[in-house]
Amino acid sequence: MARLVIVSNRVASPKERAAKAGGLAVALREALSQRGGLWFGWSGETEVNPPEAPKVFRSGRVTYALLDLDPEDQRAHYAGYANGTLWPLCHYRLGLLTFRRADWEGYRRVNEHFARALLPLLKPDDMIWVHDYHFIPLAAELRKLGFAGRIGYFHHIPWPTPEVYLSLPSHAALVDDLSHYDLVGLQTENDVRALLTYISSEIRGWIAPGGTVGLKDRRFRVAAYPIGIDADAFVKDAVKSVGSEEERRLNESLAGRDLAVGVDRLDYSKGLPGKFAAFGELLRSYPEHRSKVTMMQVAPLSRSEVAEYQALRRELEELGGAINGEFAEFDWVPLRYLNRPFQRATLAAIYRRARVGVVTPLRDGMNLVAKEYIAAQDPENPGVLVLSRFAGAADELKGSLLVNPYDIEGMAAAMDRALIMPLEERRERWRTNMEKVETNTIHHWCQRFIDELTTVTDQFGPAGETWGHARPQ
């Protein structure tokens, strides 16, 4: 069995507890522990003229390798190209996209640096799994250095349609980089369709049945792998929260009122201003809910040094203040806005108590909060998920009330419907969603990708035999 090598921008410390590390980190660590393997990534540290070699240590069957970066390289790579260019592009926010050649060069320089530092740690039969948009060029850099083993890539955020993707000055170079992977995983079939359409129409690649792609002299496969959560663990946390101190405090503070909850990183892709406006519209257009429902929005700070995020925080504080100023009573504050993270057990208690989960991003690769909310519900008295149709989770969670996050009145109407929905309909919708959450867990997602990466190159066959279609004219 080939050794598994994981590459990601951040690496979960072996001492980090599961509740803090998050589902993805736990699943990756579990896969590495079962097979034995290497986890390679940025140390989180910067220094001028950093060492070429990473810091390496071992915990159990997992070897960790952490690389320091030059401050300017780290800025150009992370804040510059990855989050100043690719993040807004993939979330369809072209007005926030900035492209600087210096950032593009820094992004490639860091990927080259990672490849050089990783290569001495590799064995010929290693299988490498690269995570997310920070490292799209990594496979190309490793191939230049002579590594010929299997390399897979998973893109955790949306892949934009060709019309949007063409806005990126480096669009062709980035997809050429992808062609050096053996397997490219995306969140949804829509993402796969967007990438394959670009490849066939813009750069004249070959597309064969099953998502096999031919580009120049290279072949690779593109497929959807919708990510899940650790459903069993989240259900246990939610059940355990019943009768807990957190539940008692929450119930006392609500004084019998219904709860609507949103949990999102403070990011412009999450549609938070629209969500606040929709809750205000609910209280304005459906006055029967006044003093009977409280909305709690948990929004941990994100990239707080970036001007766009600072502006978003100010906007939300103003919107929240305006809603509370207009509708609050002396014994009821309609909107609770919290800028700090909570442990998973606390979130599970909040989700379980909430009559409505409000997940309304403008665009999201998957959105695991939607799945966590479903897993936390009481099967006998479940809440209702109001979900943006532009979240990847909307493809799976068909029992949700799907909304357009640009339609404020439509979202308010969905919140009203969720609050008054009969118990039997709530149960039926929850069962439909929970079946998907239980079937497609984070562990299933992880194992499926590894299994298909293990065999993907065996499926290509001799050149010319696997292409089900002629080369586009």
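Predicted model: local features only at pLDDT ≥ 70, side-chain atom pairs only at ≥ 80, totals over all residues.
Helix H14 runs over residues 368-376, and eight of its nine residues are buried. Those buried residues are Val369, Ala370, Lys371, Glu372, Tyr373, Ile374, Ala375 and Ala376.

Now the helix pairs. Two packed helices are described by the angle between their axes and the distance between the axes.

Take helix H11, residues 272-285, and helix H12, residues 307-327. Their axes come within 10 Å of each other and cross at roughly 10 degrees. Angles under 35 degrees count as roughly parallel, so H11 and H12 are roughly parallel to each other. On the H11 side, the residues in the contact are Leu272, Pro273, Phe276, Phe279, Gly280, Leu283 and Arg284. They meet Leu312, Glu315, Leu316, Leu319, Gly320, Ile323, Glu326 and Phe327 in H12. By class, this contact has ten nonpolar, two polar and three charged residues.

The other pair is helix H7, residues 171-178, and helix H8, residues 189-202. Here the axes come within 12 Å and the crossing is at roughly 110 degrees, which makes H7 roughly perpendicular to H8. The crossing of H7 past H8 is left-handed. From H7, the residues His171, Ala172, Val175 and Leu178 meet Leu195, Tyr198, Ile199 and Glu202 from H8. Six of the residues in this contact are nonpolar, one is polar and one is charged.

Is Ser179 buried or exposed? Its relative accessible area is 2%, so Ser179 counts as buried. The Ser179 side chain reaches the backbone oxygen of Asp176 at 2.5 Å. Leaving out residues up to four places away in sequence, Ser179 touches Leu215, Arg218 and Phe220.

His91 is in another loop, the one between helix H3 (71-90) and helix H4 (101-118). His91 has 2% relative accessibility and therefore counts as buried. Setting aside neighbours within four places in sequence, the contacts of His91 are Ile157, Pro158, Ser269 and Arg363.

Last, two residues with a backbone angle to note. Most residues other than glycine have a negative phi. Asn49 has a positive phi, near 50 degrees. Asn49 is in the loop between strand S2 (37-46) and strand S3 (55-59), and it counts as exposed because its relative accessibility is 67%. Ala255 also is not a glycine, and its phi is positive, about 55 degrees. Its place is the loop between helix H10 (245-254) and S11. At 58% relative accessibility, Ala255 counts as exposed.

Key
Residues numbered from 1 in each chain as written. Heavy atoms only, no water. Axes fitted to C-alpha atoms, helices over the stretch in contact; angles between N-to-C directions. Helix = DSSP H or I, 4+ residues; strand = E, 2+ residues; numbered from the N terminus. Parallel < 35°, antiparallel > 145°, perpendicular 65-115°, else oblique. Left-handed = near helix turned anticlockwise from the far one by under 90°. Contact = heavy atoms within 4.5 Å. Nonpolar A, V, L, I, M, F, W, Y, C, P; charged D, E, K, R; others polar. Buried < 20%, exposed > 50% of the residue type's maximum accessible area, 1.4 Å probe, protein only. Polar contact = N/O pair within 3.5 Å; in protein donor to acceptor, adjacent residues only side chain to side chain.
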